[in-house]
Amino acid sequence: MSAVRRRALSILGALTAAALFGGLVGDPPTAPAARVSTAGVATAGSAEYVEDAHGIQVRRRYVVTGAPADRTVQAGDRIRISGDAVTARRHGRARARRVTLVERTSGRWRRVESTRTRRFGAWSVVLDAGTDLTTRTFRAELSRGRGLRGGASRSFRVRVVAGVTADPTPSAPDPGPATTPAPATGEVADPAEPLPAGYAGAGSASDWSALISGGSRWNPCEVIRWAYNPAGQGYDALADVQRAFARIAGASGLRFHYVGATSWRYLGSSDDASGFPGDTADIAVGWASAAELPVLSDMTVGYGGASGWTVPGADVRIRLRRGFLVLDNGHALPTGFDRPGWGQIELHEILHTLGLGHASGSNQLMYGTATWRNLTFGAGDLAGMTRIGAPAGCLS
Ligand SMILES: [Zn+2]
């Protein structure tokens, strides 16, 4: 794959077990532990292949979290780091706190930057990546105060790489993966589940983002085919996944068709060499263990993404042609859609495969943390779905 710029991005949202199974009311804001990676090869040329994926995590509560927006940045560019901090005791009043970003150099943690959190704990800093091609290791620290615990986040790394414009070997544009056919036009779609009459989502209609920067969506004028791999399943999720697709169809106008079982699942790659069943399906849903797929380690319960190619002149940069989502069979979560659990996680991950990224408000399904607050579509989710769905028009 020369002439291909490939980008893999993963964002892990945090979800505490307490929030998942029980009372959120009065809980301090949970800490979305975003972990993002960008890896890729880039050469000159106009065709660009892009793949992004996001995971969702159930996790113990941190006092403070921090993570880079991109795990790889170009020399001379900026490193954007954001996180969350506990700013109130249970039932207490939330107040801003000071977070210090430290970097490990010569075996010691040294202060790089300090910032105040917002009242409910969100914080972010931007710093220069510098010009040394190296891997920088950071963590966020929070001091004790007002009866609140202090502590440090897990450390995270940012790789500083040479800029792609410096690539000295331009080559011809890649024509694209030969085994990725267009979805079958005119194929029968499965029934959609319309939104309840008068349904209004919570939160802000502007609270949504694209999975891939510059915008990413499927062609809504074709039926999107999906397959399910029951191997190693944590529970028989087919009915829940079918309903999740039906609900998204009802809200977005996208049309889906379940084509049956597949033996393929995402284990770190969805490219042609992985054997993605592109001749029969566009999206593949499966299960894996943390041992099989390291991004599912710890409390990460799902991982989903999509890939596609640039479409010059369209309203989005990338037309998606392949989607994948994998569920972690090491977790026993509630099934269905009535409580935080698998149905909600399937909705969230499917929306990643369809081109949506994370929302910033905890009442959006696309928020990185799944709780009682975002069991169903928020206003931002709905707006995002109109931008990737039928109202956006055909995409050739
Ligand atoms: Zn996500």
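What follows is a chat about a predicted model and some of its local features.

Trainee: Hi! Before I start clicking around, what should I know about the model?
Mentor: It is a predicted model, where local features need pLDDT of at least 70 and side-chain atom pairs count only at pLDDT 80 or more, while totals for chains, interfaces and linings use all residues. Residues are numbered from 1 along each chain as its sequence is written, and side-chain values use heavy atoms, with hydrogens and water left out.

Trainee: Great. Which residues coordinate the zinc ion?
Mentor: H348, H352 and H358 do, each through NE2, at 1.9 to 2.1 Å. Donors here are N, O and S atoms within 2.8 Å of the metal (3.2 Å for Na, K and Ca), and water is not among the atoms, so sites may look incomplete.

Trainee: What spacing do the donors follow along the chain?
Mentor: The pattern is H-x3-H-x5-H.

Trainee: And is H352 buried or exposed?
Mentor: H352 counts as buried because its relative accessibility is 0%. H358 counts as buried too, at 15%. The cut-offs are under 20% relative accessible area for buried, over 50% for exposed, and partly exposed in between (1.4 Å probe, protein chains only).

Trainee: Switching topic: how many disulfides does the structure hold?
Mentor: It holds 1. C221 and C394 form it, with their sulfur atoms 1.8 Å apart. The pair links distant parts of the chain, 173 residues apart: C221 is in the loop between β12 (216-217) and β13, and C394 is in the segment after α4. To be called a disulfide, two cysteine sulfur atoms must lie within 2.5 Å.

Trainee: What is the handedness of that link?
Mentor: The link of C221 and C394 is left-handed, with -90 degrees about the S-S bond.

Trainee: How exposed are the two cysteines, C221 and C394?
Mentor: C221 is partly exposed because its relative accessible area is 30%. C394 has 55%, so that cysteine is exposed.

Trainee: Okay, then tell me about a helix. How many residues has α2?
Mentor: Helix α2 covers residues 238-252, so 15 residues, and reaches 21 Å from its first C-alpha to its last, close to the 21 Å expected at 1.5 Å a residue. That expected span is 1.5 Å times one less than the number of residues.

Trainee: What do its buried residues pack against?
Mentor: The buried residues of α2, among them V241, F245 and I248, pack against β13 (224-228), β14 (256-261), β15 (283-288), α3 (342-353) and α4 (379-388). Contact means heavy atoms within 4.5 Å.

Trainee: You mentioned β15. How many of its residues are buried?
Mentor: 6 of the 6 are, so β15 is largely enclosed by the rest of the structure. I283, V285 and W287 are on one side, and A284, G286 and A288 on the other.

Trainee: Which strands pair with β15?
Mentor: β13 runs parallel to β15, joined by 3 bridges, and A227 stands opposite A284. Strand β17 (residues 318-328) also pairs with β15 in the parallel sense, over 6 bridges; there V285 stands opposite L325. Pairing requires that DSSP finds at least two bridges between two strands.

Trainee: What about an antiparallel sheet?
Mentor: Take the open sheet of 3 strands with the order β3-β5-β8, where the pairing is antiparallel. Its edge strands are β3 (64-68) and β8, each pairing on one side only.

Trainee: Last one: where does S106 lie?
Mentor: S106 is in the loop between β6 (98-105) and β7 (108-116). Its phi is positive, about 50 degrees, although S106 is not a glycine. S106 counts as exposed because its relative accessibility is 71%.

Key: Helices (H or I, at least four residues) and strands (E, at least two) are DSSP runs, numbered from the N terminus.
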